[in-house]
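Please load the model in the viewer and keep the sequence panel open. The tour begins with the whole chain and then turns to one element and its surroundings.

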Amino acid sequence: MNSEGRGRVVSSFDPEPSVPKRRRSRRSNSEAHASGVERPSTPPFDRIIRLCAQRDRSQHELLERLVRAGYTQEESQSAVERAVACGLVSDSRFAEAYIRSRVSMGKGRVAIERELQRKFGIDPAPFFEDEGASYGLSEDEQTQRAVAFLLKHEPRCKDVWGGAYRKLIAKGYAPSVASRATREWFESRD
């Protein structure tokens, strides 16, 4: 009780609960990177093995991940070259799998080429020498897929023709394919 005669309840609530501290790494301060980033404790090649165990990756993607993790550019490049030499990493294998997965998702050729170039640093030209026919990306096959997409996802706007065309362009279809598919879809609606 306090001096005024009223009972006072003391709470054990701590407004700042103690948070368990993270364990410090075993790295010494001398190993800290010049930019202030601590160096990873595992070798870069081991990191590549772990990353590639999750999914296939491109050389460019691995190099960026390693540098971002705190490895130097030289040791990252060396580890990626070693992974390529032993067959763990292959840009062509990655690109083929990536193209097939994007085609199955309904993406158009333009979007796939753009993603390969920008995100993964892979030149898409060798994979589309046969106009993409081996991946189901010939103009006729793309048009059929685009019409099927429009039948399943009709545009909901006043300008259905323009809406359908814009949907296909946003999905990554070439303008010629989008135009042809929009025309075929519009005619099939009647």
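A residue counts as buried when its relative accessible area is under 20%, calculated with a 1.4 Å probe. By this criterion, 33% of the 190 residues of the protein are buried. The model is a predicted one.

Eight helices and zero strands are present, and the order from the N terminus is accordingly written α-α-α-α-α-α-α-α.

Now select residues 139-152, which form helix α6. Its 14 residues should span 20 Å at 1.5 Å a residue, and the distance between the end C-alpha atoms is 20 Å, so expectation and model agree.

Within α6, select Gln-142, Thr-143, Ala-146, Val-147, Phe-149 and Leu-150, all of which are buried. These residues lie on the same side of α6, because the arc they cover around the axis is only 160 degrees.

Which elements do the buried residues of α6 pack against? Select α5 (109-120), α7 (160-171) and α8 (175-188) to see these partners.

Methods
Residues numbered from 1 in each chain as written. Predicted model: local features only at pLDDT ≥ 70, side-chain atom pairs only at ≥ 80, totals over all residues. Heavy atoms only, no water. Helix = DSSP H or I, 4+ residues; strand = E, 2+ residues; numbered from the N terminus. Expected span 1.5 Å × (residues − 1). Buried < 20%, exposed > 50% of the residue type's maximum accessible area, 1.4 Å probe, protein only. Arc of directions from axis to C-beta. Contact = heavy atoms within 4.5 Å.
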